Amino acid sequence: MNSAWPGGARTRRRPRFLTGVAGAAIVVAAWASCAGLAPGSHTDVFWQIRLPRVCLGFLAGAGLAASGMAFQSMFRNALATPYTLGVSSAASLGAVLYMRSAVRVAVGDVPGVSAAALAGAGLSAALVYGLTRLARGFSTATLLLAGVAVSFSLTSLILLTEYLSDVTTAFRMGRWLMGGLDVVGFEPVWQVVPFVGLGLVFICLLTREMDLLLVGEDLAAVRGVSVDRIKKVLFFSVSMMVGGITAVCGPIGFVGLIVPHAGRLLVGPRHRYLAPFSILGGGAFLVACDGVGRAAVAPIEIPVGAVTALIGGPFFLALLLSGRPGRRFER
Amino acid sequence: MPLRTIAVALIAIAGFPARQAAPPAPASALAGMPGVPQRVVSLAPSVTEALFASGCGDRVVGVTSYCRYPPATARIARVGGYITPSYEAIAALHPDLVVVLPEHEDARRHLTRLGLNLLELDHRSLRGVIESLRTLGYRCHAGPRAEALAAEIEGRFDRIARATAGRARPRVVIGVARGDERGFGSLSAAGQGSMYDDLLIHAGGLNAVPPGPVLHPTLSAESLLRLNPDVIVEFAPGTADPEARRREWRRLPSLKAVRDGRVIVFTEDFLPVPGPRLLRFTEDLARALHPDARWEAR
């Protein structure tokens, strides 16, 4: 593994590179905040619609990319995404069940659909954790299999709920399942901040442990890492972030898959550098994708989830064909 | 997910050029009066149709990208999709009224936060569409015209009721869309409680689809044979060759409707839009279901 990490000169250049990524993220955010504001827009459009949207996009992108990075390291699997363990499917099921039901409630400023999605995400995390514990210990393989099984089951329930709904409700569900950042006001941003903020703090504090987990659990244990405890912290941090983001933005794919891989190519697999890259790069990538989706056929807005998939799919295929991700995960 | 496909198709179809043009809305004598909305945004094709039909068309400043009827909408600014409007585009138009439907739950929340006035109409039933005309007329001070239109439509319903009174109601399956263009593998039918079920009842028919949890259940050829309706009505908006559709049904000769030659294909483009034109269409459907009833000349 160590042989895959670039040596000293490149290591010294990484902080400067990360500064450049931060600068690029600021430029992207500034472009997305101001570009294409409709003629005649007053300042309310900027403050009430555009700026909250860019902030939410940055937070969601940062959280999803960092989550993907953490899961890829924890599972030592290049294909792991923030949604691998079914948290997003559960959040989506909560949202579509709410749309299908006649109940219309709001929890304070939190819309009912977001509250239902968050409840679904929490229940799913508890279920996957419980199933893994039932199998004794906190085996990565059991966690992965339990999560994938739960995810598939919930996805089939989403399809069933969608089928049992009328045309317009099914259309709304389909639209929600594509993900979106079209919000008004800063309330949704503040609702996401605690989930993403806390999750990112935990992930940034565990960069060394993730380096060792990526090499192997046995080696990490020998080097003093409490493997089970770290995996639980990562599991709950990621579940919390993904649940909070999905509840507000819906499921947005590919950010958590491609940004960490791009980071491994550009700054190497050490999490001390990869984590900040994922946070900055993920945020900037999602904000840029949303800007493209908003501007491409304005005023019709292409859901950001569709744009990330459109860009992410070919990118990921290129990565697969280059064989680089596989090598990075070789021990 | 056939329903999602059908929903997109139905909504997209709503944008096809219309068969008949509505008379242009005259400029209201009350335009400019304080309290009367002067800048109205519509968030659905059926709402746009209702606005123009009730005499408020001259005050519409924003419509969705699916709104293509009446032709005058071509000159009006677009504010994005039907369920997914662009809030920036709406705010930039400075509307004093945004007209929404119950399915605009998310949009309602965001638009309220922007401080915009909202008016919610209910286009989930024929009665709701008629009432929406009156509501728009009242709100936009176009009451007489809206009331005249609503009364005309109610008059049509009365004529249908008189013409079909005492006649046996045929059991009908209305196919609103095909999930598979090649055959009958996935015909989306109008279930009980749907808008088209309402249309059918007003037209003097009975829905052969039993009550169930799905508003537009998917019927296979086997399900159709089990239901064995007296009449099959298929909506094929924009289809150039309805005869070809009817010929396709002959592949199921065991169906009573096929044996009796009672497969009716409608190709009107407005069928997916629950607007005033769909109300007027009720009489066409009734005449097709009861061709030997005593109909007044039109």
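Me: Is F235(B) buried or exposed?
Reply: This is a predicted model, in which local features need pLDDT of at least 70, side-chain atom pairs count only at pLDDT 80 or more, and totals for chains, interfaces and linings use all residues. Residues are numbered from 1 along each chain as written, chains are lettered from A and ligands numbered from 1 in written order, and side-chain values use heavy atoms, without hydrogens and water. Buried means under 20% relative accessible area, exposed over 50% and partly exposed in between (1.4 Å probe, protein chains only). With a relative accessible area of 3%, F235(B) is buried.

Me: What geometry does the aromatic pair of F235(B) and F281(B) have?
Reply: Rings of Phe, Tyr and Trp (its six-membered ring) pair if their centres lie within 6.5 Å; planes under 30 degrees apart count as stacked, over 60 as edge-to-face and the rest as tilted. Here the centres are 5.9 Å apart and the planes at 75°. The pair is therefore edge-to-face.

Me: How many residues apart in sequence are the parts that this pair ties together?
Reply: F235(B) lies in strand β10 (residues 231–235) of chain B, and F281(B) in helix α11 (residues 276–289) of chain B. Such elements are DSSP runs, numbered from the N terminus: helices are H or I of at least four residues, strands E of at least two. The parts tied together are thus 46 residues apart.

Me: What is the relative accessible area of F281(B)?
Reply: F281(B) also belongs to one aromatic cluster with Y196(B), F235(B), F266(B) and F270(B). F281(B) is buried, and its relative accessible area is 1%.
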